[in-house]
Amino acid sequence: MKVSSLCFVLMVSAGWSQAQSIIPSLDEQGRKGDMARLAQVQAAGKFDSADKNKDGKLSREEATVFPYILDKFDSRDQSKDGFLSWEEFIGHNRWKKESK
């Protein structure tokens with residue numbers, strides 16, 4: 001029983017690590033790349049519109065426009081500085097945010 005439990009844990013953790021890497025690159029060709037670029041542009045627009053003081057990060061107050069983000073604010077705030085950076089906002093570091 002312990003061996004099968006260990007196998008299950010290993011399969012789940014392997015699947016989790018693969019799931020973390022399926023975020024397409026912005027320079028990927030085809031539909032996946034097109035969807036990634038569209039999602040990046042939309043996320044950047046939302047981030048920029050919420051960043052009222054234009055400091056490049058979201059405070060808890062600025063994040064109130066995103067209830068789904070606000071509910072997970074503390075867990076998303078990886079640096080524990082009380083703000084969400086661009087990477088913390090989108091949940092990964094594969095898409096760089098272009099400066100305006």
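**Close-up views of a predicted model**

R37 is partly exposed, at 30% relative accessibility. The legends below describe a predicted model.

View 1. D34, with a relative accessible area of 44%, is partly exposed.

**View 2. The side chains of K97 and D48 form a salt bridge**. Their N to O distance is 2.6 Å. This pair connects distant parts of the chain, with K97 in the segment after helix 5 and D48 in helix 2, 49 residues apart. D48 has a relative accessible area of 15% and is buried, whereas K97 is partly exposed at 25%.

**View 3. D74 and R60 meet through their side chains in a salt bridge**. The N to O distance here is 2.5 Å. D74 belongs to helix 4 (residues 73–76), and R60 to the loop between strand 1 (58–59) and helix 3 (67–70); the two are 14 residues apart. D74 is partly exposed at 47% relative accessibility, and R60 is partly exposed with a relative accessible area of 38%. The structure holds three salt bridges.

**View 4. The largest nonpolar core has 15 residues**. Helix 2 (30–50) and helix 5 (86–90) each contribute at least two residues to this core. Helix 2 provides the largest share, five residues. L58, F66, W86, F89 and I90 have the most contacts inside the core.

**View 5. Surroundings of L58**. Leaving aside residues up to four places away in sequence, L58 touches F47, A50, D51, F66, F73, G82, F83, L84 and F89.

Methods
Residues numbered from 1 in each chain as written. Predicted model: local features only at pLDDT ≥ 70, side-chain atom pairs only at ≥ 80, totals over all residues. Heavy atoms only, no water. Core = buried A, V, L, I, M, F, W, Y, C linked by side-chain atoms within 4.5 Å. Buried < 20%, exposed > 50% of the residue type's maximum accessible area, 1.4 Å probe, protein only. Helix = DSSP H or I, 4+ residues; strand = E, 2+ residues; numbered from the N terminus. Contact = heavy atoms within 4.5 Å. Salt bridge = Lys/Arg side-chain N within 4 Å of Asp/Glu carboxyl O.
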